[in-house]
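Please have the viewer open as you read.

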Amino acid sequence: MQAFLKGATVQTSRPQKDKAAAGPGTEKKAKAVPWVEKYRPKCIDDVAFQEEVVAVLKKSVEGADLPNLLFYGPPGTGKTSTILAAARELYGPQLYRQRVLELNASDERGIQVVRQKVKNFAQLTVAGSRQDGKPCPPFKIIILDEADSMTGPAQAALRRTMEKESRTTRFCLICNYISRIIEPLTSRCSKFRFKPLSNQIQEERLLDICEKESLKYSKESIAALVAVSEGDLRKAITFLQSAARLNMDREITESAIIEIAGVVPPKMIDSLLQICLSGTFEKLEVAVRNMVDEGYAATQILGQLHEAVIEHDLSDQQKSVLTEKMAVVSKCLSDGADEYLQMLSLCSVIMQQASQHN
Ligand SMILES: Nc1ncnc2c1ncn2[C@@H]1O[C@H](COP(=O)(O)OP(=O)(O)O)[C@@H](O)[C@H]1O
Ligand SMILES: [Mg+2]
């Protein structure tokens, strides 16, 4: 429960042993570093795929000025990396620590935190030059990650702080859902949407890491990484690191990635769907029971079944009945309903729809 004044936040907490640090020579000791941190873009130009944000921020950094910012978009698309890189460019490595406050645990968002930590930090006044003589902006930056998990009253309190301290402080709010930020806050910020990264960009980044870490990998494994992470590069990099650790000297394969990601093997989904379409209820019951017993998450099965059904040769009418049922199942699962029963009820509806067709 404390705010930290550090440049980078460690996202994975598992203890880990890196192989001999084969990465860029920036590491001081052979301490294990999560690759998401190790390969975080160091400057704004390194941020891939978010051209508009990069262009605007570069202009601001050149003029040593910054508006209040609001970054929004899906996870793992470069939001945190971008503001950290911008701050590093603005302040240089030394001042950076004094000038940037990064708050990013959702449980620190009570109204008290905004009133105290943010206010105390915002009220420190700052000089307009760096030790090395370069000009630097006469303000500090407060980064509020996961701002959409702040309560309404905390957001309202933040609005007042933002107004009062506008001379000495810039805020950068980061969130996934802009609709959860109150209007008085959004209207005070320049808003930037971060797009899900394209497959090609993700692939390039992953290949770059593979090379720097001297990994052995199959082509299919990289494609699988991109497929399972759905535009979230953090997820892809984290899976890659896990796979590398588990396969120390062996080649990283597609099935290793699928295993790590907790994805149900596509063959299993296909056969489940096949049973729904032309099997018996008895067989269906066994198949569903096996899947759930093997520990596959029902939400994961649901997501993959959804894709399979959409792609399958069914009528529009059938697909609409099925997706509607899936939405209900999804809600029930998030409310804590029994996974086996929910899966069985979904599959039963697929079965009914299929039999009407024939
Ligand atoms: N646009 C991007 N360009 C380069 N690397 C990225 C980009 N987006 C994500 N990454 C990689 O994914 C990791 C997580 O990115 P992060 O900025 O923390 O995402 P977010 O804050 O949007 O959830 C970073 O370490 C970085 O290596
Ligand atoms: Mg982030």
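How many residues surround ligand 1, and which are the closest? The shell holds 19 residues, and the closest are Val36, Ala48, Lys79, Thr80 and Ser81; a residue counts as near if one of its heavy atoms lies within 4 Å of the molecule. A word on the basis: this is a predicted model, where local features need pLDDT of at least 70 and side-chain atom pairs count only at pLDDT 80 or more, while totals for chains, interfaces and linings use all residues. Residues are numbered from 1 along each chain as its sequence is written, chains are lettered from A and ligands numbered from 1 in the order in which they are written, and side-chain values use heavy atoms, leaving out hydrogens and water.

Where does ligand 1 sit? Domain 1 (38-193) and domain 2 (203-261) both give residues to its shell, so ligand 1 lies between them; the domain bounds come from an automatic or database domain assignment. Helix 3 (79-99) and helix 9 (233-246) each supply at least two residues of that shell, helices being DSSP runs of H or I with at least four residues, numbered from the N terminus.

Now for the polar contacts, meaning pairs of N or O atoms within 3.5 Å. A polar side-chain atom of lysine 79 is 2.7 Å from an oxygen atom of ligand 1. Backbone atoms take part too: a polar one of valine 36 lies 2.3 Å from a ligand 1 oxygen, and a backbone N or O atom of threonine 77 is 3.1 Å from an oxygen of ligand 1. Of the 550 Å² of accessible area that ligand 1 has on its own, the protein covers 98% (Shrake-Rupley method, 1.4 Å probe).

Notes
A polar contact is a pair of N or O atoms within 3.5 Å; within protein, one must be able to donate a hydrogen and the other to accept it, and residues adjacent in sequence count only if both atoms are side-chain atoms.
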